[in-house]
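Welcome! Here is a short tour for anyone meeting this structure for the first time. Have a look at the sequence and the fold, and then read on.

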Amino acid sequence: PFTINIERKKPFHTLTGRQQFYLDHDWILGMGEALPVYRGFWQWALPAAQWHASLNPEITSDFTRRVLDLFLKYQRDDGYVTHAIYLHEEEPGSSWARGNIIQTPHIPWVALRYYNDTGDLKSLKRWYPPLLRYYDYLNESRDEEFLGLHLWGIITSFDTGLDTTAAFQKVTYGEDGVRERFCYPAIFAAERCRYEQAMGKMAGLLGDDEAPWQQAADATRRAMDRILWDRRRKWYGVLHEDETLDTRVGVDGLFPLAYGLVSQSRADQMKRNFASLLGPYGTCTVAPGEPGYYADAYWRGPAWPKSCSMAMGAARNYYPDLLDEVREGLVSFLLRYPNVWECMNAWTGQIARGDMGQMATPGVSSNVGAGEALGALRMAHGTDMLEF
């Protein structure tokens with residue numbers, strides 16, 4: 001039977017989490033994403049890792065502190081923080097640093113969640129200066145070099161972790177003979193606002209002024225609503241390099257909802273599109289019928305635990321009447337096979353395919369998926385796992 005004891009806080013384990021332990025004598029004891037295929041730690045996976053670690057007495061919140069220290073210790077002189085750290089690297093993060101890939105920068109709000117679990121103000125004080133340098137790097141490299149919109153753009157879909165989602169086709173692989181240098185997606189608008197909110201909260205805890213950060217967050221939110229909102233489609237779109245708005249209903253537009261950045265009146269307009277993402281085996285990454293939708297191909301339509309957790313956050317914030325449907329889809333996803341796979345067809349439950357044609361997460365289970373699932377289930381039972 002599938003049971004998780006949430007209220008009594010008794011120790012519980014998942015097979016998925018326990019089989020991902022890795023002890024590196026030079027670095028730390030921790031969990032990789034999915035050994036042996038994915039051997040390391042990813043920026044976009046930090047929320048799942050924090051959720052997993054804080055609930056698992058074999059791991060504990062010490063894991064979160066060590067991983068954040070690892071990412072920020074090897075920050076580049078210009079402020080860049082690597083997309084991923086592989087366990088075989090002599091210098092952590094050096095492989096992906098060559099291409100300046102960043103991945104969704106969750107670090108500040110994950111750091112605050114760690115602080116709320118532990119009260120470790122000393123670590124917040126240590127992390128604040130490199131996070132400020134990272135913020136400056138992101139502003140310069142992901143906005144000022146592009147259109148200067150008070151948003152963050154991407155230079156490839158891999159910046160977001162949503163590797164092949166349809167709306168990012170043009171910036172990564174090209175589409176209809178056109179490849180662009182950058183685009184501005186909703187996920188990064190939401191993430192910039194959340195970064196600024198978290199830095200403000202951190203500044204306040206450290207005795208500094210929160211107001212400039214809150215003003216920056218408000219400016220980002222206004223820019224998102226003014227530039228990325230599609231009145232006709234009732235969803236947040238992607239602004240391309242040629243300044244056209246490309247709106248495809250999918251996981252990209254879930255992030256403003258999950259982070260509570262949308263007015264209730266606008267969220268009400270988004271409800272029909274939101275509901276179109278909900279399948280019997282989880283939340284689709286692209287809605288059926290949208291351009292570039294493929295039910296069995298990675299981020300082009302299949303359900304992921306990540307899309308389910310973002311949908312759970314959105315439902316918790318705005319659509320309580322759909323919360324049960326989101327939860328039932330996720331539970332069906334988790335019970336469909338032994339262990340937690342990366343992604344599957346949201347309508348049939350068949351394992352989806354990766355970019356190269358093989359099954360997603362071949363032969364192993366996804367620890368990030370397990371962490372996202374744990375967080376989503378706790379949200380379904382009343383705990384705001386996105387709060388900091």
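Let us begin with a residue on the outside: Glu-243 counts as exposed, because its relative accessibility of 55% is over the 50% cut-off. Please keep in mind that this is a predicted model. Taken as a whole, the protein has 388 residues, and 61% of them are buried.

**Two residues with positive phi**

- Glu-243 is not a glycine, yet its phi is positive, near 70°.
- Glu-243 sits in the loop that runs between strand S8 (238-240) and strand S9 (245-246).
- His-150 is another non-glycine residue with a positive phi, in this case about 60°.
- You will find His-150 in the loop between helix H6 (121-144) and helix H7 (169-172).
- Is His-150 buried, partly exposed or exposed? With a relative accessible area of 28%, His-150 is partly exposed, because values between 20% and 50% fall in that class.

**The overall fold**

- The secondary structure consists of 14 helices and eleven strands.

**A pair of helices**

- How do helix H2 (residues 46-55) and helix H3 (residues 62-73) pack? Their axes lie 9 Å apart and form an angle of about 155°.
- H2 and H3 are therefore roughly antiparallel to each other, since angles over 145 degrees count as such.
- On the H2 side, the contact is made by Leu-46, Ala-49, Gln-50 and Ala-53.
- H3 brings Phe-63, Thr-64, Val-67, Leu-68 and Phe-71 to this contact.
- Sorted by class, the contact of H2 with H3 has seven nonpolar residues and two polar ones, with no charged residues.

**Spaces inside**

- Rolling a probe the size of a water molecule over the atoms shows where empty space is left.
- How many cavities of 30 Å³ or more does a search of the whole structure find? The search finds two.
- The second largest cavity holds about 40 Å³ of space.
- Its lining includes Thr-165, Ala-166 and Ala-167, along with Arg-248, Val-249, Gly-250, Val-251 and Asp-252.
- Thr-285 and Val-286 also line the second largest cavity.
- By class, five of the residues lining the second largest cavity are nonpolar, three are polar and two are charged.

Key: Residues numbered from 1 in each chain as written. Predicted model: local features only at pLDDT ≥ 70, side-chain atom pairs only at ≥ 80, totals over all residues. Heavy atoms only, no water. 1 Å grid on protein atoms, 1.4 Å probe; cavity = no way out; pocket = protein on both sides within 12 Å on 5 of 7 lines; lining within 4 Å. Points joined across faces, edges and corners; volume = space filled by probe spheres on them. Nonpolar A, V, L, I, M, F, W, Y, C, P; charged D, E, K, R; others polar. Axes fitted to C-alpha atoms, helices over the stretch in contact; angles between N-to-C directions. Helix = DSSP H or I, 4+ residues; strand = E, 2+ residues; numbered from the N terminus. Parallel < 35°, antiparallel > 145°, perpendicular 65-115°, else oblique. Contact = heavy atoms within 4.5 Å. Buried < 20%, exposed > 50% of the residue type's maximum accessible area, 1.4 Å probe, protein only.
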